[in-house]
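Good morning, colleagues. I shall speak briefly about aromatic side chains and their surroundings. Please look at the structure with me.

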Amino acid sequence: IDETPRAPFMDLVDLVSEKMGGETLFANDDFFAPKENLLKPSAPIFIDGKYTDLGKWMDGWETRRRRTSGYDWSIIRLGLPGIIRGVVVDTAHFRGNYPEQCSLEGCTIDGQPTVEQLTSDETEWTAVLPLSNLVGNSPNLFEVEKHNRFTHLRFKIYPDGGVARLRVHGEVVPDWDRLKRSGSEIDLAAVENGGLVLSCSDMFFGHKHNLIMPGRAVNMSDGWETKRRRG
């Protein structure tokens, strides 16, 4: 039985999904575990007895213990720009080394801004998720009430520690001016153009959103598949 907590916003697409081009562009520290783990599509795992030269191997993003005040942070490019409706900060397997709190900010810069541009003082960040308490070894669910369209996020953890996965669910808002300038036909059902699968009768083997993902399916698990009907 899947006892993972659910929230209505989790029925929306994950805007930072690697499958849609999401990427962790920068982290001020990822000494123990790399920033790229944050957006991995797979569920986080724990391997007992697995260590690296730096310490215990962890399937997430983990920073060193801070000896000064402040926070650690990373910058993430959304795979698809859009309006954020909810966030899942999953601290799975981080029991004594998870951050006490986190916050999230967003900005809107279409195109491909550089890390230098995103980390400069000229970039204006808008609060998305205020300073919020976290529970270790758990998916922490937060609803978001902002209506801004964002392209990039700054994820802050206080004061330090590890987060296994970050999921950012919302509604895709494409750059319509760019699409119009292309002058070509577009797929109105595609997720990158704002398509959304609203409901389905069953998705036992494959998620409904796989129907509208970009590109070709990797294999049969990368589609929408229901249980066999016996009635």
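A charge is said to sit over a ring if NZ of Lys or CZ of Arg is within 6 Å of the ring centre and within 35 degrees of the ring normal. Lys-56 lies over the face of Phe-46, 4.4 Å from the ring centre. The charged end of Lys-56 also sits over the ring of Tyr-51, at 5.7 Å from its centre.

A word on the source: this is a predicted model, in which local features need pLDDT of at least 70, side-chain atom pairs count only at pLDDT 80 or more, and totals for chains, interfaces and linings use all residues. Residues are numbered from 1 along each chain as its sequence is written, and side-chain values use heavy atoms, with hydrogens and water left out.

I turn to aromatic pairs. Rings of Phe, Tyr and Trp (its six-membered ring) pair if their centres lie within 6.5 Å; planes under 30 degrees apart count as stacked, over 60 as edge-to-face and the rest as tilted. How many does a search of the whole structure find? The search finds five aromatic pairs. One of them is the tilted pair of Tyr-71 and Tyr-158, with 5.3 Å centre to centre and 55° between the planes. Tyr-71 lies in the loop between β5 (61-62) and β6 (72-90) and Tyr-158 in strand β10 (residues 149-158), so this pair ties together parts 87 residues apart in sequence. Strands (E, at least two residues) are DSSP runs, numbered from the N terminus. The ring centres of Phe-204 and Phe-205 are 4.9 Å apart with planes at 85°, so that pair is edge-to-face.

How values were computed. Helices (H or I, at least four residues) and strands (E, at least two) are DSSP runs, numbered from the N terminus.
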